[in-house]
Amino acid sequence: MALHAPPSLFKTFLHFYSPTFPPLHSLSLLPSTKLILFHSRRLPFRTSTTMAGAKPSSVAGKSSPEHVVGKWFSVPDLRIRDHRFEVPLDYSVDHRTSPKISIFAREIVAVGKEEHPLQYLLFLQGGPGFECQRPTEASGWIHKACEEFRVILMDQRGTGLSTPLTASSMLQFKSAEDLAGYLKHFRADNIVNDAEFIRARLVPDAGPWTILGQSYGGFCAVTYLSFAPKGLRQVLITGGIPPIGNGCTAEAVYRAGFEQVKLQNEKYYERFPEDREIVREVVNYLAESEGGGVDLPSGGILTPKGLQTIGISYLGFSAGFERLHYIFEKAWDPVIVPGAPKRISYNFLDAFEKSTSFHTNPLYAIMHESIYCEGAASQWSAYRIRAEKEIEFDAIRAAKEGRLVFFTGEMIFPWMFDEIHALKKFKDAAHILAEKKDWPPLYNIDALKNNKVPVAAAVYYEDMYVNFKLAKETAAKIAGIRLWITNEYMHSGLRDSGSQVFDHLMGMLNGKKPLF
């Protein structure tokens, strides 16, 4: 379905589904004197809280064996301290017997507010497999949030400083089966378990907190609403309402995704028409090279279909078209010596590799399709859907016929584990996960239909990563959600807007943006 918005289309819309929420002060706080058990018929969510009468260690500034508190340090206009928590790898077994991993979180306040009784806001990063940003100054949404919140940036398990699963650390596993068995614990269900573990130890009296989920972080936020809503005061989602359905929704995601990607390609080539021929020339050069591609600086190989994957990093972001154009303008080495053969430049190859993060964040590629799976396997869904569209997305054929060479979007293909050097050793584990059927549930539709937590979400009309139509379908299942539908921003609106997106969503929840 074509999702391109013509210029005359709306600037912004507000949609509202739901009964009126109770005032925030009437939402009950979680008790801190007993084990709290969040559950549904399908999936238990366990979180331990602080002992009776004990303060969370952060309040007292003291550490405990399972929670190490760092010292305050400064960046311009912010005060920051680090927290490290020892949590179970597997929350479904007795915590005493489960292997442990470390979860890293960074606490941020405005200068002078270190001891102020502020509400807590947890930020859930996009991904899967990416760590939180490292603040260097008070800017953007963090600057705005710190006016009234104590912001917590949590590196999701396996990322950043949270027992990171890197291209080197994953080599410690002796077999692909061992690695896959470990990785199955690194999805949204356990990210929420980690968040609850932290909340119970960080927030005074284990009270509820606000969460802000960007992209995949929004998926995690909906999982949170499904299974642990008592831990939530309010929820903000930016470009991150997940598809919800029976089994694996990846197929629906990629069917819609390829259509949006085509539109983004067409817009790109309309903006930069000279790139049509440049891209065709690069594709022909790669196809005619020995082995069907050229060596990349890291040791991988760049093939025509590999070249197409650069679209994931540029087609759906603000200023992405410009950045992609500037990469292709340096595609060729100059002919300095008469008679020297035409050659792709090292700078272009280096820019291609740096445009993706597979070498630093391989978890993204390995786990990507699993984020859509509940009780069913993905079976390399993007690869299967692309095969149905091979006439349109065959780069070599398009180049030879003088057609547009379409880049692909947020899609992971099995052959990438042959061509990308950092992924090669994880090919077998990725195949095991692609065939895994017994994924536990990530959402509870009954709980969402009876939701009582205030939720506001920014939905980007031309979002290439989280399909607009699928997001609307899920939003209709979440009681009380308010949607801000806009084509002013792309998927990166939270980052690109300064504080505007954050401020707008907060206004929808605090009454500054009343219903109309």
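**Notebook: cavities, pocket and selected residues**

I searched the whole structure and found six cavities of 30 Å³ or more. The structure is a predicted model, in which I required pLDDT of at least 70 for local features and 80 or more for side-chain atom pairs, while totals for chains, interfaces and linings use all residues. I number residues from 1 along each chain as its sequence is written, and my side-chain values use heavy atoms, with hydrogens and water left out.

**Terms for voids.** On a 1 Å grid over the protein atoms alone, I take a cavity as a set of points where a 1.4 Å probe fits but cannot get out, and a pocket as an open set with protein on both sides within 12 Å along at least five of seven lines; lining residues have an atom within 4 Å of a point. Grid points are joined across faces, edges and corners, and a volume is the space filled by probe spheres set on the points.

**Chain overview.** I noted 20 helices and 15 strands in the chain; these are DSSP runs numbered from the N terminus, with helices being H or I of at least four residues and strands E of at least two. Of the 516 residues, 58% count as buried, where buried means under 20% relative accessible area, exposed over 50% and partly exposed in between, with a 1.4 Å probe and protein chains only. I also looked up the contacts (heavy atoms within 4.5 Å). Among those with a separation of 6 or more, 76% join residues 24 or more positions apart.

**Largest cavity.** I recorded a volume of about 160 Å³ for the largest cavity. It is lined by 19 residues, of which Val253, Met464, Tyr465, Val466 and Asn467 are the closest to its centre. Helix 6 (250–271) and helix 18 (468–475) each supply at least two lining residues, and helix 6 gives the largest share, with five. I sorted the lining by class into 13 nonpolar, four polar and two charged residues. For this, Ala, Val, Leu, Ile, Met, Phe, Trp, Tyr, Cys and Pro count as nonpolar, Asp, Glu, Lys and Arg as charged, and the others, Gly among them, as polar.

**Second largest cavity.** I found about 90 Å³ of space in the second largest cavity. The lining residues include Ala365, His368, Glu369, Trp380, Ala430, Leu433, Ala434 and Trp439. By class, I listed seven nonpolar, three polar and one charged residues in this lining.

**Helix 16.** I then turned to helix 16 (residues 427–435), where Ala429, Ala430, Leu433 and Ala434 are buried. Seen down the helix axis, these buried residues fall within an arc of 140°, so they line one face of the helix; the arc is that of the directions from the helix axis to the C-beta atoms. Their cover includes helix 3 (176–183), helix 11 (362–367) and helix 15 (416–419). Ala430, Leu433 and Ala434 are also among the residues lining the second largest cavity.

**Largest pocket.** I noted about 1,100 Å³ of space in the largest pocket. Its lining has 37 residues, and the closest to its centre are Gln125, Phe130, Phe317, Ser492 and Arg495. Helix 2 (140–145), helix 9, helix 10 and helix 19 (493–496) give two or more residues to the lining; the largest share, three residues, comes from helix 2. By class, I counted 13 nonpolar, 17 polar and seven charged residues in the pocket lining.

**Lys342.** I located Lys342 in the loop between helix 9 (320–328) and helix 10 (346–355). Lys342 counts as partly exposed because its relative accessibility is 44%. Leaving aside neighbours within four places in sequence, I found Lys342 in contact with Glu281, Tyr285 and Trp332. The C-alpha atoms of Lys342 and Trp332 are separated by 7.3 Å, the two residues being ten apart along the chain. With Glu281, the Lys342 side chain makes a side-chain polar contact at 3.3 Å. A polar contact is a pair of N or O atoms within 3.5 Å; within protein, one must be able to donate a hydrogen and the other to accept it, and residues adjacent in sequence count only if both atoms are side-chain atoms.

**Leu225.** I placed Leu225 in helix 5 (residues 216–227). Leu225 is buried, with a relative accessible area of 1%. Beyond four places in sequence, Leu225 is in contact with Leu232, Val235, Leu448, Asn451, Val453 and Val455. Leu225 and Val455 are 230 residues apart in sequence, and their C-alpha atoms are 9.5 Å apart.
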